[in-house]
Structures are given as C-alpha cells and as structure tokens.
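We will go from stop to stop, and at each one you will hear what to select and what to look for.

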Amino acid sequence: MVKRTGLLGLASLFFGEGFAQATDFGTYRKEMNERFDRFQESKQKEFDAFRDSLNEAYTRFLEQKWESFSLFRQERSFRPMPEPPVYTPESPLPDEGAQPPVVENVPVVPPEPVEEPPVPEPVIPQPLTVSVLFFGTPVQLQPVDNRLASRLANASEREVASFWLQLSGMPVGTISGDIRRISRELFLDDWGVFQLVREMAAAYIPGATENERVVFSVFMLNQLGKGAKIGRSGNNLYALLASRNMLSNTSYFVFGRSSGGMRYYVINASRKELHEIQTCNAEYGDGGQPVDFAVSLHPRLSDAVVSQALNYAGCDYTIPCNRNLVDYYATYPCVDFEVYATAPIEEQMLEALKHQLEPCIGGKPQLEAVNYLLHFVQNAFRYQTDQEQYGYEKWNFAEETLVSACSDCDDRAIFFAQLVRNLLGLETVLVHYPGVHLATAVRFADQGMDGDYVTVDGSKYFICDPTYINADAGMAMPDLRHVQVEIVEL
C-alpha cells in the first residue's frame, strides 16, 4: 500500500490535476500525450537553440587564421619476402594415417536472396526525398529543404566558416536522427558513421566537391558528439578524427584537451604525402568523444555474394562472402592488429568455413587440427606483398584476405588466428617482430609439448607461422627465433 501511494503521488506531481480529475481513460491518455509532446517540444527547442549558439560561436573561431601543426606517423611495415620460406624436413614426414578427406561437391547454401529496394529517381523540385547508396545498400533519408545560399568557393577560413554557418541552418536535428536510425539498422560503428555522413553529403549537396564533403562530415560528426576537426593543406581540406586507437601509417598531430592532448589523425584517402596541416585553433564544444575504430558487429549490408575457390591437399573449397562488406573494410586505415583479429566474421562466410573444414578437423586432437588449419592457410593462398597488390602497406580483415586470394604475413596471421578462434575455440595471440614479420601463437591444452613458444600470463603460446610454408605448430622461422617480439593479446 505504501508503494502504491508513493507512485500515485509522483504521477500527480508530474501530470498535475488532470490525473485525478479525468474520468475517461481515453480522454486522459490523449491529454497526457499532448502534454508530453509539448514538454518534448519545449526541450527540443531549448536544445536546438543551444546547438545553434554553439555553431555560431564556432563559426567565429573558424574565421580566425588557422594554426599550422607538424605531422607525425607511427610507421609499421614488414620486410618483403620475394617468396615465403619453405620448411623442408631432413627426412620424409611419417605417414600420419588417413589423409585429410577430400571435400567434394560440398553444397554451399547461399542465404536467401534479399530483394534490394530500388533506388528512387531524384524528385524535383525541393524538398528532395533523398536516397543514399551506402556500400551497395540503399538507405532512405527524410526529405529536407537543402537549399544553400552559396557553395564552398575555396578552402579559406572565411569560406569554410560561411559554409559551416549555412550547414547549421539546415534541419540538423532531422539529419542527426536519420544518422542514428541508420546506424542502428545497419549496426554501424564510429567508422561506419563517418563513411555514412560522407555519402549523405552528396545527397544534401548535389555535386558536392571533396572539400564540401569534408566540411559536411566534420560538421555532422560534431553535432553527434564526436571529436573531429577540419584540416587544410594547400587548397585541399581533410577530416581530422580524434582517436585513442593507435593508427599506423597515418599522419597525426596532438591538439587540445588536458593531460597531454588528443591525437587527431588525418583521413587522407588519396595518400598524398603531407608534412603539416592547418586547422582552427579550437575544438567544437567540449571536444567530443574520440572515434573508436573497434569492430564489435560488422555492418549489415545488402548481399553481393562472391565466392572464392581455394584448394589444399586435394580438397576444393568454395567460400562465399559479401563483396559490399569487403569494399567497406577496404576503407579502413591501418588500425591496431587486434581490431582485425577479433572482428566478427560475416555469418555466411563463417558457416561455409565451418561446414567445409569440419571433415578435416572435427574430432581431431588439438595439435592435429591446428596443423591442418595452419597448412591450409600456408598453401591455399598465394603470397604477395602489399606493395605488389595495393601499392602501399595495408592490413586486411579476414573477408578481404579471402576475396583477394593473395596475402602477406600480416593478412595470414590475422586470418589464421580467426580460424583457430572461431573453428577450434583456442586462445591465440599475434606475435609481432617489429619491422620484420607478423605470426600467430596458439595456447594448447598440452603445455608440455615441444616447440618454439612465447609466454603470456604464465601460459605457453606455441608459434604457428602461416607464412612459413609446411611448418608445423611450434616452428618459428629459423632466422627469427632470437628476435625480440611484441605480443598482441586478443
């Protein structure tokens, strides 16, 4: 009875006399909904007014002469191998019994095709009903009046400030709501949100230039509470993203905030060499939250299934994968190795790997099963350096390695770690030989087995090198056995 009285008292305080006087529940509910809507509207107006004042204040900072900052990079690359080394035993390997079964005509059951909604034709005149194609996935945006009085004529402080002020006059709340909705629907992480707002720029600013995309992207990230700034080098503008992740091979500078500042990374898709960057000498609001590059859920993108044919030990494998997801992952900068090795594998690809590799590893002792997966990665993929394949240093998610069918040491180490973790449930770490090589190590139940290993938290993790062709678990490359390593825990 006490709890009941208390709740009634609270309701009366919030809703007023209408709660006690209303005799018809339908009338009461309507009155309360209207009152709540008015309450929300008043709060939204307060928030909109605060946001408008914040954007107007930041515009004045953008108008001031931008400061120059020297750029730094954490360079990480690996020693290219003309060909990966091949382990040749002094005597023929003993017959281990039955050879791995040949997987013939294993059905790959693709997911039921998803009928993609048609991309609507642009509707003219304004306001536009906007559709964005996000890595092959159509997403609908609410119609807004996107008329801008003028476009970004150049990259000067005055022009950027004027364009920023124009963007603040758009229905920012509506656009922000769409971004949040789409992010939930597609399971987008911070990097996905950044890629989404870049695509949205072209929808709201028809024929948007790269500089306009940058300003729009940073503007919207700031409205969403993310740490981002606009950078300039010559006549080109760049998005600068605050991040606590350690990005490699990506230029950065330290700016603002207490405790030594925050690293702002230059998002430079053209890979133009930059030595310094100019930017406004202020952060938006309180600086916002740093961008997190971790992948907890992969984006739910429309299916564009491609299949990769692999062969090892007389077994043919056909593994499907979503090309749209591969294209999305290809936009990532070089983030921490553990991001790649712990990202969830796309479901249809993982199910195909489990289904087709199970006859070879199911019910086998840990060492035998790991060796099969190790030899599979060593031999089913063609070795190729990043410079040969891409023209620059790049680290791949498992889906990218599968689709390319070519890989170097870091791609193989990450892919193998994913196989062992997902198919065998064993703990793994990455073994980084700085500037030279990347391998994997596995924790076996039998801690007394022979072989090369590293120790992590008192446990032995035995070296498994997917680039050392035909080598078994516990065999490191001979010329690397005494090299000091860094352990990347997963």
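Select Phe-187 to begin: with a relative accessible area of 34%, Phe-187 is partly exposed, a label for values between the cut-offs for buried (under 20%) and exposed (over 50%), using a 1.4 Å probe and protein chains only. This is a predicted model, in which local features need pLDDT of at least 70 and side-chain atom pairs count only at pLDDT 80 or more, while totals for chains, interfaces and linings use all residues. Residues are numbered from 1 along each chain as its sequence is written, and side-chain values use heavy atoms, with hydrogens and water left out.

Phe-187 sits in the loop between α5 and α6 (190–204); helices (H or I, at least four residues) and strands (E, at least two) are DSSP runs, numbered from the N terminus. Check the backbone here: phi of Phe-187 is near 60 degrees, a positive value in a residue other than glycine.

Now step back into helix α5, residues 172–186. Its 15 residues reach 21 Å from first C-alpha to last, close to the 21 Å expected at 1.5 Å a residue, where the expected span is 1.5 Å times one less than the number of residues. Which residues of α5 are buried? Select Val-172, Ile-175, Ser-176, Asp-178, Ile-179, Ile-182, Ser-183 and Leu-186. Look down the axis of α5 and these buried residues fall within an arc of 155 degrees, so they line one face of the helix; the arc is that of the directions from the helix axis to the C-beta atoms.

Next, select helix α7, residues 210–223. Here 13 of the 14 residues are buried, so α7 is largely enclosed by the rest of the structure. Just after α7, Gly-225 takes a positive phi of about 85 degrees.

For another positive phi, go to Asn-249, where the value is near 55 degrees in a residue other than glycine. Asn-249 is in the loop between β5 (236–242) and β6 (252–255), and is buried, with a relative accessible area of 17%.

The next stop is a helix pair: select α11 (residues 366–380) and α14 (residues 409–424). They pack at an angle of about 145 degrees, with their axes 10 Å apart. Axes are lines fitted to C-alpha atoms, for helices over the stretch in contact, and angles run from 0 to 180 degrees between N-to-C directions. The contact residues divide into 12 nonpolar, one polar and one charged; Ala, Val, Leu, Ile, Met, Phe, Trp, Tyr, Cys and Pro count as nonpolar, Asp, Glu, Lys and Arg as charged, and the others, Gly among them, as polar.

Stay in α11 and pick His-375. At 15% relative accessibility, His-375 counts as buried. Leaving out residues up to four places away in sequence, His-375 touches Tyr-312, Asn-470, Ala-471 and Asp-472.

Then move to Arg-443, in the loop between β14 (437–442) and β15 (453–456). Arg-443 is partly exposed at 29% relative accessibility. Its partners, not counting residues up to four places away in sequence, are Leu-426, Glu-427, Ser-459, Lys-460 and Tyr-461.

Finally, zoom out to the protein chain, with its 14 helices and 17 strands. Of its 490 residues, 49% count as buried.

Notes. Contact = heavy atoms within 4.5 Å.
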